[in-house]
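Let's take a friendly walk through this structure together. Have the sequence and the 3D view ready as you read.

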Amino acid sequence: MPAISVRELRKTFQLKRKAAGLRGSLRALWRPTYESIEAVRGLSFEMEDGELLGFIGPNGAGKSTTIKILTGILHPSSGEAAVLGHVPWQDRQALAFQIGSVFGQRPQLWYHLPAVDTFYLFGKIYELDDKSLKRRIAFLAEAFEIEELLETPVRKLSLGQRMRCEVAASLLHRPRVLLLDEPSIGLDVVAKQRLRLTIQRMNELEGVGVLLTSHDAGDIETLCRRVIIVNHGEIVYRDKVSSLKRRYLTVKTVDVRYNEQLAADFSLPGVEMVKVGRYGAKMRFDTRVTPVEPVISGLAAAGSLADVTVSEPSLEDVISAIYARTEA
Amino acid sequence: MGRQFAFVMALWKTNLLSAMEYRVSFLTQVFGMMLNNALYFVFWIIFFARFEEINGWDLVDMLFLFGVVATGFGAGTYLFGNAVRLSPLIANGQMDYYLSLPRPVLLHALASSSNASSAGDFTYGLFSFGAAIYFSGSFGGLMLLRFTLGCLASIAVLISFLVLVQSLTFWIGNTSLLTRHAFNAIVTFSLYPITLFDGTAKLLLFTLIPAAFIGALPAEFVRSFDLLQLAQICAGGAVFLLLSVFVFYRGLRRYESGSAIQVRM
C-alpha cells in the first residue's frame, strides 16, 4: 500500500474581487463579486513508503494547498486522498500521530522559549513517556547537530539553526511520513546543504518517507529520487530525477581555449557558435542531433588545445524550460 | 479525558515559561490591571455612600459580583488567552498549526496563549471575594464551593460567547471589531446588578449577550444557595459551551488557511 495516494484531487477557493480605489470599495461593499480560483486541478499521484518525493512548482502552483489537504488542514473540493490509510480531513487526529509536517513560513517552535521547551510540550502532545522522550531528544540533537542550541531561546537562533530544530521537532514522535513545505526557504547555501544531509540521514536511518516541496531545484536534486512538477494546479511532469536530467540535459555548452590562433572561419557541423575569439570559442550543441564524439574530434583537429570545459544546464534551467513549455 | 488534561496542563506550563521570560512586563501588567479594577470599584463605593441600595443590591452584593466576574474573567482569559484573539487566528490562516497536531483544535488554540493582565483580574477578583466575605460576615466551606462553581460557570459562558462571536469569522471574515464590541458589552453588563434590567433587556442578558450567566446569577448563587439558580448556571454553561463547540467546528470546515509568514509567541 502506498504511503500517500491521491486521486483527482481538486480545491477551489472563492476569492473576493474589488476594483481599485474608494469607488471600488463602496461597490464591493454593496455588491461583492467573487471569483473561483482552482488551486488544485485533479491531481493524482502516489508516494511509496520510505520514498523521497520532490513536489515542485512556481508560486501559486498548488503545492502548499496539496500539502495542507494531505495533513488534514484543508478540506478538498472533490477527489480522494489517503495518507497511511487515513483520509486526512476525516481522521486528522489519528493521522497526525503518524506524520510530521514542517512549513517553512509557519514555525512550530515557541519564539521566546528554548527549543527544548517546545520539544517537551510536543512530548505531551504526542503522548511520549518522559524516558523515551529524553532518549529521542538526545538522539535527534546529535543527528541534527543541535546539542548546543537546544537551550537557547528560539528568537536568538539563526534561520538555519532554527530550521534544523523545527525538523527535529517534527520527528520526535517517529513519524512514518514527513511533509516538508519549503523547509529551505531563506537559508544560505551552507545551511541548506546541512539540512538536506540531515533529512537524507533520517530517511536512511528510520525509513521516514518525505514529500518535499521547494523552489530550490538543489533540494530536489540532492534529496529526491522522484519528482513531480506542478503548474497551475496540474501535474506537468513526473519521473525519476535521473530521467529528468537525461531527458532534458541534452544541450551541452563547450568552452574551448587553444595555444595558437584559431582560423577565421572556425566552425563545426551541427554546432551553434555562441562566441568565437582569436584563441578560443564558446559553442552549444544538442546531443540528440549532434553526437559528442565528432564534436570533440573536431575541436582537437582545429589546433593545439589548451583547455576544454563541457557544461550542462542546471536543473533550475530545465524546470524553468518545463514551466515555459506548459505556459505556451 | 485524562490525556487531554495532561496536554492542557503542559500547554499552561509552557505559557507560564514564556511569560516568565519577561518577568518585569508580566508583573507590571498584573499590578496595573489590579489597580485599574480597584479604581473602577471606587465609583460603586462613592455611589453606595450616597444611596444605601439599588433595586435590592448593596455594596456587599457588588463585592460578590466583582469577585465572581473578575475571578472568572481573569482565570478564563489567562488559561484560554486566545479566546480574545480567535478571529485574527482564523482570518490570517494561523489555525494551520493547531490543525496539524493530534489534539482538539479549539481547546489547543484557546489554551495556547495567556494574558498577563488577566492574572491581575484574577487576583483582584479573589481580593474582592475576600472583602465581600469580610463585610457580609458569612463564610464557610460551602460558600467557597459555591464560589468555585460560580466562577467555573462564568468562565464557561464567557469563553463560549467569545468563541461563538469569533466563529463568525469563518463565514464573514475578520470579526475583530465585532469581537471588541461584544467583549465590552458582555463585561460591562455583567458588572451591573441584574435587578436594574427587566423585560427585553433582561431577556437579552440571558441570550444574545449572556452577561447574566457571567455576573449576577453566579454572584447571587455564591451569596446564598438556591437550587433553581444552580440549575440555571449549570444549564447556561453547558448550553453555551455545546453551542460554541458546534458552531466552531461547523465553521472550521470552511477554513481557508493562508500564506502569511507567522511566528509562535
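## Where the chains meet

In this predicted model, the contact between the two chains draws 25 residues from chain B and 29 residues from chain A. On the side of chain B that touches chain A, helix 1 (2-20) and helix 5 (96-99) of chain B each supply at least two residues. Helix 1 of chain B gives the most, with eight residues.

What kinds of residues make up this side of chain B? They divide into twelve nonpolar, six polar and seven charged.

## A sheet in chain A

Chain A has an open sheet of three strands in the order 2-1-4, with antiparallel pairing. Strand 2 (33-47) and strand 4 (78-83) of chain A each have a single partner strand, so they stand at the edges with one side lacking a neighbour in the sheet. On average, neighbouring strands of this sheet are turned by 30° against each other, direction ignored.

Strand 1 (residues 4-17) of chain A is joined to strand 2 of chain A by twelve bridges. R10(A) stands opposite R41(A), which lies in strand 2 of chain A. Helix 2 (residues 63-71) of chain A packs on the sheet and touches strand 1, strand 2 and strand 4 of chain A.

## Two helices side by side

Now look at helix 6 (residues 159-170) and helix 7 (residues 189-206) of chain A: their axes come within 9 Å and cross at roughly 15°. Helix 6 of chain A is therefore roughly parallel to helix 7 of chain A. Their crossing is right-handed.

Among the residues making the contact are L159(A) and M163(A) of helix 6 of chain A, and L195(A) and I199(A) of helix 7 of chain A. The residues of this contact divide into six nonpolar, two polar and two charged.

Terms used:
Residues are numbered from 1 along each chain as its sequence is written. Chains are lettered from A and ligands numbered from 1 in the order in which they are written. This is a predicted model: local features need pLDDT of at least 70, side-chain atom pairs count only at pLDDT 80 or more; totals for chains, interfaces and linings use all residues. Axes are lines fitted to C-alpha atoms, for helices over the stretch in contact, and angles run from 0 to 180 degrees between N-to-C directions. Helices (H or I, at least four residues) and strands (E, at least two) are DSSP runs, numbered from the N terminus. Angles under 35 degrees count as roughly parallel, over 145 as roughly antiparallel, 65 to 115 as roughly perpendicular and the rest as oblique. A crossing is left-handed if the near helix is turned anticlockwise from the far one by less than a right angle, and right-handed if clockwise. Two residues are in contact if their C-beta atoms, placed from the backbone, lie within 7 Å. Ala, Val, Leu, Ile, Met, Phe, Trp, Tyr, Cys and Pro count as nonpolar, Asp, Glu, Lys and Arg as charged, and the others, Gly among them, as polar. Two strands pair if DSSP finds at least two bridges between them.
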